[in-house]
Amino acid sequence: MNKILLGRYLPGSSLIHRLDPRAKLLLSFYFIIIIFLANNWSSYFLLFFFMALTILLAKIKIGFFWKGVRPLIWLILFTVVLQIFFSTGGTVYWHWGILSVTSTGLVSGIYVFCRFVLIIFMSTLLTLTTPPLEIAGAMESLLKPLKKVHFPVYEVSLMLSIALRFVPTLMDEALKIMNAQRSRGVNFDQGSLMQRLKAVVPLLIPLFVSAFNRAEDLATAMEARGYHGGEGRTKYRVHQWLYHDTLSCLAFLALTIGMLLLRNW
Amino acid sequence: MDLSINFEKVDYIYQPNTPFAHQALNQVSFSLPDESYTAIIGHTGSGKSTLVQHLNGLLKPTHGRLMVQEQMITPQTTNKELSDLRRQVGVVFQFPEAQLFEETVLRDIAFAPKNFGIDEEKAAQLAKEAAEAVRLPDSVLDKSPFELSGGQMRRVAIAGILVMKPKVLVLDEPTAGLDPKGHQEIMELFARLKSQQHLTVILVSHQMDDVAEYADQVLVMEQGKLLTQQTPQQLFSQVEWLNKHHLGLPHATKFAFEIEKKSTFKFSPLPLTVSQLANQLANFLPKGVSQDE
């Protein structure tokens, strides 16, 4: 259960932790776009250097980032292998039918690997340094312009915050039910695929029942406290754009210029 | 007397080697004889629930070892070795009705024996016996467990554990959320089962009245450490010590203690239950008072 890193916030007070969540959200997306500007070794080097710098600023051990990579490692390796075998151009080292290993293939395989690692590192950095509810809040305020086209911004962001809020609660609940069923002789991690699928039923049904009960309680509690939709609601956490947010945007601007220069070099 | 349970310097650490690492059990050692009734008390987060989960191998110690019903559990024990233990140690978790999922009450009770490889017919037979043991009326057996009242759901869930015919019964706040009548019925049910089936019972509870009434020894946990193992009589006579650790007293004991403070009246020993209190007080009242009324 604890392997899932998504939405796992590491409390801290580093510069990265203190950035405005809107800035963090936008800049991490921007970083992912910039990654695709890289087309040679020096530009990848610059990206990794920038990434390392932000990780240092966040004061989080590098081990956490590798843990983020681990669940996706097979997908990454699969893509890398595809790149290596199906790219053409450069010196041919080996080939068989349509498969070939060429120097271009090897290089682009490594590039793909680097891209994946960078994307995962940056999104892990975002979730490790920003509480899930802050991310939801940031999304709400960034989506606000969509209200003009009658997009239900408040409702969507409320749904998102509730979903995020209840992830740990439901995980706890699932763990409790698993323990209870284990005590009744269920084996969740042994037996054939069919047996394991069957073992999920005694977990899922109670989990659904309790989730529905919880949803109903939550709805009652919200109404009792006067919730009537998002219109006119004030916020407890108000986002403030500060000096260091502008500064980090400037850092990204510098990164972009650097990337453009290196790209055409 | 044979030992049913023996802990030797058990440590348990949640999420070791991360910033979230948390030591829930710290060098816990104790032993409980067969057919004993032990209460575990302590505040929320003192490690009671973690301790309980070791008893049927849901958790394995990070360091140290324990023996339950002649099954040794060390950090290296595999889950396969523990399957038999799960059958011998029945655990009733907090709010056990959360484990109900089958279409009918009977099928839900029969779930555990079927998991342990008992055939359908025999499992249904066992389930009927268990339902009878917890005094569920026959009329509910074919209903969906989700149609029942809270108290009845609790009974179904308890029957679902008793059906395994465990030798050790672990109860983690089994009466939380029940009304006083349901509470008393369930507690008496466990006491009856213990004497009928010669069970070793372990009760996690915040209800000092239950501890005083039913347990023959008490383990006190605080911040992952075992503070003391005593009989209820010894424990509840150390009022100062209990206050220091923010633990409550049984109502009868508290009443007696307050009387002693405000008068020259001395109880010996300090009563633990209402009937003990009444007996001692009655000795001091002039005979025949009740007839006068």
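Which residues does the domain assignment of chain B give to domain 1 and to domain 2?

**View 1. The two domains of chain B in the predicted model.** The domain assignment places residues 1-94 + 200-232 in domain 1 of chain B and residues 98-172 in domain 2 of chain B. Taken over C-alpha atoms, the centres of these two domains are separated by 25 Å. Their contact involves 21 residues from domain 1 of chain B and 12 residues from domain 2 of chain B.

**View 2. Area buried between domain 1 and domain 2 of chain B.** Together the two domains bury about 1,700 Å², and 58% of this area lies on carbon and sulfur atoms. Within domain 1 of chain B, the residues that lose the most area to domain 2 of chain B are B:Arg87, B:Gly90 and B:Val92, which together account for 36% of what that side buries.

**View 3. Polar contacts across the interface of domain 1 and domain 2 of chain B.** Between the two domains, 13 residue pairs are in polar contact, with both residues at pLDDT 80 or more. The count of salt bridges between these domains is 0.

**View 4. The side of domain 1 of chain B that touches domain 2 of chain B.** At least two residues of this side are supplied by each of the following elements of chain B: strand 1 (3-14), helix 1 (48-55), helix 2 (79-88), strand 6 (89-92) and strand 8 (200-204). Strand 8 of chain B provides the largest share, 5 residues. Classed by residue type, this side of domain 1 of chain B comprises 11 nonpolar, 8 polar and 2 charged residues.

Definitions and conventions:
Residues are numbered from 1 along each chain as its sequence is written. Chains are lettered from A and ligands numbered from 1 in the order in which they are written. This is a predicted model: local features need pLDDT of at least 70, side-chain atom pairs count only at pLDDT 80 or more; totals for chains, interfaces and linings use all residues. Side-chain values use heavy atoms; hydrogens and water are left out. Domain bounds come from an automatic or database domain assignment. Contact means heavy atoms within 4.5 Å. Buried area is the accessible area (1.4 Å probe) that two parts lose on being put together, summed over both. A salt bridge is a side-chain nitrogen of Lys or Arg within 4 Å of a carboxyl oxygen of Asp or Glu. A polar contact is a pair of N or O atoms within 3.5 Å; within protein, one must be able to donate a hydrogen and the other to accept it, and residues adjacent in sequence count only if both atoms are side-chain atoms. Helices (H or I, at least four residues) and strands (E, at least two) are DSSP runs, numbered from the N terminus. Ala, Val, Leu, Ile, Met, Phe, Trp, Tyr, Cys and Pro count as nonpolar, Asp, Glu, Lys and Arg as charged, and the others, Gly among them, as polar.
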